[in-house]
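User: I would like to go through this model with you, one topic at a time. Please keep the answers plain.

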Amino acid sequence: MAQNLQTQIGELLQDLKGLETKHALRLLAERFPGEVTFSTSFSFEDQLISHEILVNNLPIKIFTLDTGRLFAETYSVWSSTNERYNTHIQAYYPDHSLLQPFIQEKGPNSFYESVENRKQCCFIRKVEPLKRALAGNSIWITGLRAEHSPDRHELEQLEWDSSNGVIKFHPLLHWSTEQVQTEIKKHNIPYNPLHDKGFISIGCAPCTRAIKPGEDFRAGRWWWEDASKKECGLHVHESVTEQGDSNSLIPDSLKSEGLTIRNN
Ligand code: SF4
């Protein structure tokens, strides 16, 4: 089934070409009924996509990954979004049977001590819950934009995610920050106030900081690490990882405990 899905990408790219975001989302929702889901982190771009889904009543699920380490401001914008659109965005949480021994052994802030610890934390708090959130879906909508990372400039709006067995759709891939901000203002969409304080890409509180003018967008995430190691495992593009090997995301120490990622 996954292979059938993957072969549809070329045709879908043609069909989506030139469509406004809401029309593109509607087309996917109609073509894959009940199998389209959107992951939000309540960033500028994610808020804009949620707005399009919710004001147009599109049959697309919306979920967030609550890592347990988010900023207070992120929880506030999550609440305001529920209120504004009269909705209940679904949250996925880390599996306590993985999180508890990890914290017990390494402490709450071990991600500052090594890349391996940081990847374990991201795996337990984000990658594994994401796997559960995507199960049974064909299309995963994301708010990725090319400006956010050097390896995203070559991306297409649709890409195959072999780790999760879904097609990813990035409707705002080629939008500029200014375009996104203009739409947010125009529709008075609730947004994370940290964006006004120099935060561009907002993730977990201990691993995100504001950036200075002229700094790269990704400088605000895991700033203590080598820039080449900065993906968290949520968006691993086929061109930069081993194709089809979802288990390459799992830190060695968790593999030795028998943990693997199953393809859907
Ligand atoms: Fe853990 Fe930081 Fe990754 Fe969040 S971003 S899951 S706190 S390492």
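User: In what sense do E1 and strand E2 pair, and over how many bridges?
Analyst: In this predicted model, E1 and strand E2 (residues 61–65) run parallel and are joined by three bridges. Strands (E, at least two residues) and helices (H or I, at least four) are DSSP runs, numbered from the N terminus. Two strands count as paired if DSSP finds at least two bridges between them.

User: Which residue is the bridge partner of Thr37 in E2?
Analyst: The partner of Thr37 in E2 is Lys61. Between E1 and E2 the chain passes through helix H4 (residues 44–55), in a right-handed β-α-β crossover. Right-handed means that, with the strands pointing away from the viewer, the path from the first strand over the helix to the second runs clockwise.

User: And what is the bridge partner of Thr37 in E4?
Analyst: In E4, Thr37 has Trp140 as its bridge partner. E1 and E4 run parallel and are joined by three bridges.

User: Are the faces of E1 covered or open?
Analyst: Both faces of E1 are covered. Val36 and Phe38 are buried on one side, and Thr37 and Ser39 are buried on the other. Buried means under 20% relative accessible area, exposed means over 50%, and partly exposed lies in between (1.4 Å probe, protein chains only).

User: What is the strand order of the sheet?
Analyst: The sheet is open and has six strands in the order E3-E2-E1-E4-E6-E5, with mixed pairing. Strand E3 (90–92) and strand E5 (158–161) each have a single partner strand, so one side of each is left without a neighbour in the sheet. On average, neighbouring strands of this sheet are turned by 30° against each other, direction ignored. For such angles, axes are lines fitted to C-alpha atoms, for helices over the stretch in contact, and the angles run from 0 to 180 degrees between N-to-C directions.

User: How do E4 and E6 pair?
Analyst: Strand E4 (residues 139–141) and strand E6 (residues 166–169) pair in the parallel sense, over three bridges. Ile139 stands opposite Ile167 in E6.

User: Which strands does helix H3 lie across?
Analyst: Helix H3 (residues 21–31) lies across strand E1 (36–39), E4 and E6, and H3 runs at about 165° to E6.

User: There is a lysine in E6. Is Lys168 buried or exposed?
Analyst: Lys168, which is in strand E6, counts as buried because its relative accessibility is 1%.

User: Which value of phi does Asn57 have?
Analyst: Asn57 has a positive phi of about 50° although it is not a glycine. Asn57 is in the loop between H4 and E2 and counts as exposed, at 67% relative accessibility.

User: What about Asn86?
Analyst: Asn86, which is not a glycine, has a positive phi of about 50°. Asn86 is in the loop between helix H5 (72–85) and E3, and at 71% relative accessibility Asn86 is exposed.

User: How many disulfides are there?
Analyst: The structure holds zero disulfides, a disulfide being a pair of cysteine sulfur atoms within 2.5 Å. Cys122 is buried at 6% relative accessibility, and Cys204 is buried with a relative accessible area of 10%.

User: And the overall numbers?
Analyst: The protein has nine helices and six strands. Of its 264 residues, 53% count as buried. Among contacts with a separation of 6 or more, 68% are between residues 24 or more positions apart. The protein exposes about 12600 Å², of which carbon and sulfur atoms supply 49%. Accessible areas come from the Shrake-Rupley method with a 1.4 Å probe, and for residues only the protein chains shown count as cover.

User: Which conventions apply to the model?
Analyst: Residues are numbered from 1 along each chain as its sequence is written, and side-chain values use heavy atoms, with hydrogens and water left out. Since the model is predicted, local features need pLDDT of at least 70 and side-chain atom pairs count only at pLDDT 80 or more, while totals for chains, interfaces and linings use all residues.

Definitions and conventions
Contact means heavy atoms within 4.5 Å.
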